[in-house]
Amino acid sequence: MTLQLTIDCAEPRRMVDFWTEALGYVPEPPPGGHATWREYWTDMGVPAAELPPGAGETPESIVDPRGQGPRVWFQQVPEAKATKNRLHLDLKVGGGREVPLAVRVERVTATVDRLTEAGATVLRIMDEPEMEYYAVVLQDPEGNEFCVV
């Protein structure tokens with residue numbers, strides 16, 4: 001079994017750009033020497049009626065260049081995000097509790113700064129030194145929540 005994470009969105013290209021930066025992934029190239037995913041899907045026999053205008057003309061999925069993490073597909077949907085997502089990603093950059101809190105805070109802050117430059121929005125900071133805990137909750141460009149820990 002393999003795992004793919006599918007994220008519904010309005011603008012796949014924008015999400016590909018953001019999440020490649022966030023995860024260190026790369027846009028997934030179309031298979032078999034095809035110029036675009038649309039060309040690949042058409043060659044596979046996917047009916048044109050199932051391919052909305054622009055679908056597959058730019059990358060809509062990203063992959064881990066090391067081959068370790070799951071493929072992430074940004075599926076264009078017509079409806080906007082309506083409520084808090086029930087599943088979110090934790091980007092674990094701090095190194096765990098065996099790393100001194102000050103170092104974890106520095107690592108988390110550097111990542112948050114990089115991701116806000118890429119289009120994320122900070123929702124809240126969870127700074128609880130008495131519990132040796134620091135994390136930041138953010139939203140990606142389409143409002144999906146995720147944490148940097």
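I take buried to mean under 20% relative accessible area, exposed to mean over 50%, and partly exposed to mean in between, with a 1.4 Å probe and protein chains only.

**Ground rules.** I am reading a predicted model, where local features need pLDDT of at least 70, side-chain atom pairs count only at pLDDT 80 or more, and totals for chains, interfaces and linings use all residues. I number residues from 1 along each chain as its sequence is written, and side-chain values use heavy atoms, with hydrogens and water left out.

**Cysteines.** I looked up Cys 9 and found it buried, because its relative accessible area is 2%. Cys 147 also counts as buried, at 10% relative accessibility. I then searched the whole structure for disulfides (a pair of cysteine sulfur atoms within 2.5 Å) and got zero.

**Record.** An unreviewed UniProt entry lists residues 1-149 as "domain: VOC". I note that UniProt positions are in the numbering used here, that feature names are shortened, and that annotations may be inferred rather than shown by experiment. In the model, the span 1-149 is 25% helix and 26% strand, and its end C-alpha atoms lie 28 Å apart. Helices (H or I, at least four residues) and strands (E, at least two) are DSSP runs numbered from the N terminus.

**Helix H1.** I checked the length of H1, residues 12-23. After H1 comes Gly 24, with a positive phi near 75°.

**Rings.** I count rings of Phe, Tyr and Trp (its six-membered ring) as paired if their centres lie within 6.5 Å; planes under 30 degrees apart are stacked, over 60 edge-to-face, and the rest tilted. The structure holds five aromatic pairs. One of them joins Phe 18 and Trp 19 edge-to-face, at 5.1 Å centre to centre and 90° between the planes. Ring pairs link Phe 18, Trp 19 and Phe 146 into a cluster.

**Two more residues.** Where does Arg 86 sit? I find Arg 86 in the loop between strand S4 (71-76) and strand S5 (89-91), and it is exposed, with a relative accessible area of 86%. Its C-alpha atom is 9.8 Å from that of Asn 144, 58 residues apart along the chain. Thr 111 belongs to helix H3 (residues 101-117) and is buried at 10%. Leaving out residues up to four places away in sequence, Thr 111 touches Val 93 and Val 148, with contact meaning heavy atoms within 4.5 Å.

Terms used: Expected span 1.5 Å × (residues − 1).
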